[in-house]
Structures are given as C-alpha cells and as structure tokens.
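Subject: A structure for you to look at

Hi,

I am passing this structure on to you, as promised.

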Amino acid sequence: MKTTTLALAALFAVGLAGNADAQQKTTLRFAIGAPDSQGGEILGMKALKEYVEFKSKGQLEIRLFFNTLGGSLQVTEQVKNGTLEMALTDDSVLGSFHKPMQVFQIPYLFPSSPVAWEFMQGPFMREMTEDMRKATGIRTLTLSENGFRNLTNNVREIRNPDDLKGLKMRTMQSQVYVNFMRAFGASATPISFPELIPALKQNVVDGQENAASTVWDGKLYEVQKFMSVNEHIFGMHLVVINDRVFNSLSEDNKQILLDGARMHTEVANSRKAMDNLQGIEKIRQAGVRVYVNSPSEKEAFRKTSQPAVIEFIASQTNKELIDRLLVAVEETKKRVYNF
C-alpha cells in the first residue's frame, strides 16, 4: 500500500511539473499583411522564429501569419489594442498612429541602403520609437529595409529634375507624393494601384513611382518603357510588439526576443538589397530602358523636391523635429563614408 501511495505521489509530482512547464510556454502571434514568399522581410520573420524558439528552448513559440489577419494598417491596430502580440509593419502606416513618424517620408533622406541601415540602429531612431511606445503602447523591436522607390514612364529617361517637367505621373493617395511630383513640374494624379495598369495603357498618366519589386511583381514593366533608379524615398519595415506583452516576458526571454529581432534585420536587409538589384536586372531584360542615377544627380533631385515636402510634413509634425532628423542623417553619412 505504501509503495502504491509513493508511486501515485511521484506521478502527481511529475504531472505538476509538466503543467508548470506548459504554463511557462508563451505563444506570440507574429503577423504581416503580405503572403508567404522568399522576400527579405518574410525570410527575416522566419529567422526570428527559428532563433527565438531554439534559444528559449521552446518557452517562446512564434506563430507566423501571412496575409490572414489584415493589411499593415489592420495588424498594427491589433498590436496597439493588444489583440495581436507582434506584427511587421512599415513607417508610412505608423504615421497614422504616431504623427512624428511621417518625417521619414521626406524624399532623398538617405543616399543609400548602408546609410539607412546605420541610421535605423542609431540614437535618433531609438528616441523616435521610444516616443511612439509611450504614446501608443507599440514597442519597436527592430527596423529593416523595405526598399527604395523609383520612377518609370513612357516618355523619356529621367536623368535630372527637368526631365520630369510636364509628365503626368501617378502617385499614391498621399499629399507627400503629390507635393513631391509637383516640385518637379510634373502633374500628380492619385490613382489606386488596381487601376494603375489600365491608366498607363490608356495614357491617362505617363508614369508612376514604386519599388522595383512592385514594378516586377505588378507587371508594370509590360506597360512602361523607361525606368530611372533614382531612389527617392526609402521605406522602413518595423517589427513591433504590444508593450504590455513585452513587459510580461522574463528578462531572459526579452533578451532572446531582441536578439532574434536583430537576426531578422540582418537577414532582411541583405536579402532586400540583393532582391532589389536582381529585380531591376529582370526589368531591364524584359525590355525596359533602365537608367541608374548617380549620387550627384540624386543630389539635384533632393534640392528640388525636399523643400516643398518638408514644408508639408512640418505642418503635420514640427519643424524642429525635421531639423534634428536632417542633422542626424548627416552625422550618419559621415560615420559611414568617413569623408
């Protein structure tokens, strides 16, 4: 009888230990408003998942959701409300939740991806994301490249600002992009993306601006003759988490999650940069005449377009913040280029 009692007690103790282990396991749902693919952001998400689950010995489970919980706006809103733990979103969407984030829509802010990568890990960005956390409860774990936007059209190569004069250019339904085009003397026409190809075929507009991946995936190369790699606006991706969820984690798991987030950045940045180059080459091989703008040519575009866009964004945020941003970018350029 005594032996049986001891055996039952041992089984009960094992059961309690098993329940304790189960209670320690935390599942974090991590969503993006895009389908599963071999893109840099997707591979970065998978790298984060693999790293975190391995390092936490399974205490942290990352469940990935691709294009099932809504677009970037919807998944960001869910993180803010606490109905979703984590999301991969972008800086343009976050401007709807925290207006100061709109400053990153300034054209020609970064001369290259390496400068942007350095800046995203710097003190100005940490200050911005910390302010957003305090205001919204959305904590940023890391940032990575979403890509540069470029120009395409059916009239001529765009090598300098004057080449845009008189062109009818499609933009997103954003005053930033409207002001950007008008600064060059182009006519800006907001058109939704599903209507863009018919508008180009019917000569409603001459051209548009988008990332190389969008030009390729959206088959815009079939209805455009020229592409200029002028890299006017750099898009950022942000891995965000509900702040209350993050604070509920153990100190060990917080560190593991932050290390996994940095793993995401390294994977996403390198893959995004290579995908961009390969995408442009595929567009060239499809028959589009591609012109790669030089740094000095891009500087001419910057001088022409920045003032009008800065004036608009300052009216939505504040000029002092923009001035500090421009100084921070210049300091980053000096660190990267050392001249």
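First, the background. This is a predicted model, in which local features need pLDDT of at least 70, side-chain atom pairs count only at pLDDT 80 or more, and totals for chains, interfaces and linings use all residues. Residues are numbered from 1 along each chain as its sequence is written, and side-chain values use heavy atoms, with hydrogens and water left out.

Helix 12 (residues 295–316) packs against helix 7 (residues 175–183) at an angle of about 150°, and their axes are 8 Å apart. (Helices are DSSP runs of H or I with at least four residues, and strands are runs of E with at least two, numbered from the N terminus; axes are lines fitted to C-alpha atoms, for helices over the stretch in contact, with angles from 0 to 180 degrees between N-to-C directions.) Helix 7 and helix 12 are therefore roughly antiparallel, a word used for angles over 145 degrees. On the helix 7 side, Gln-175, Val-176, Asn-179, Phe-180 and Ala-183 take part, and their partners in helix 12 include Thr-304, Ala-308 and Phe-312; contact means heavy atoms within 4.5 Å.

Helix 12 also meets helix 13 (residues 319–337), where the axes come within 8 Å and cross at roughly 130°. Ile-310, Ile-313 and Ala-314 of helix 12 touch Lys-319, Ile-322 and Leu-326 of helix 13.

Helix 13 has another neighbour in helix 6 (residues 123–136), with axes that come within 10 Å and cross at roughly 145°. Here Phe-124, Glu-127 and Met-128 meet Leu-321, Arg-324, Leu-325 and Ala-328 of helix 13.

Of its 26 lining residues, Tyr-108, Phe-110, Pro-111, Ser-112 and Lys-298 are the closest to the centre. Helix 12 and helix 13 are among the elements that give two or more residues to this lining.

Best wishes

Notes. Angles under 35 degrees count as roughly parallel, over 145 as roughly antiparallel, 65 to 115 as roughly perpendicular and the rest as oblique. On a 1 Å grid over the protein atoms alone, a cavity is a set of points where a 1.4 Å probe fits but cannot get out, and a pocket is an open set with protein on both sides within 12 Å along at least five of seven lines; lining residues have an atom within 4 Å of a point.
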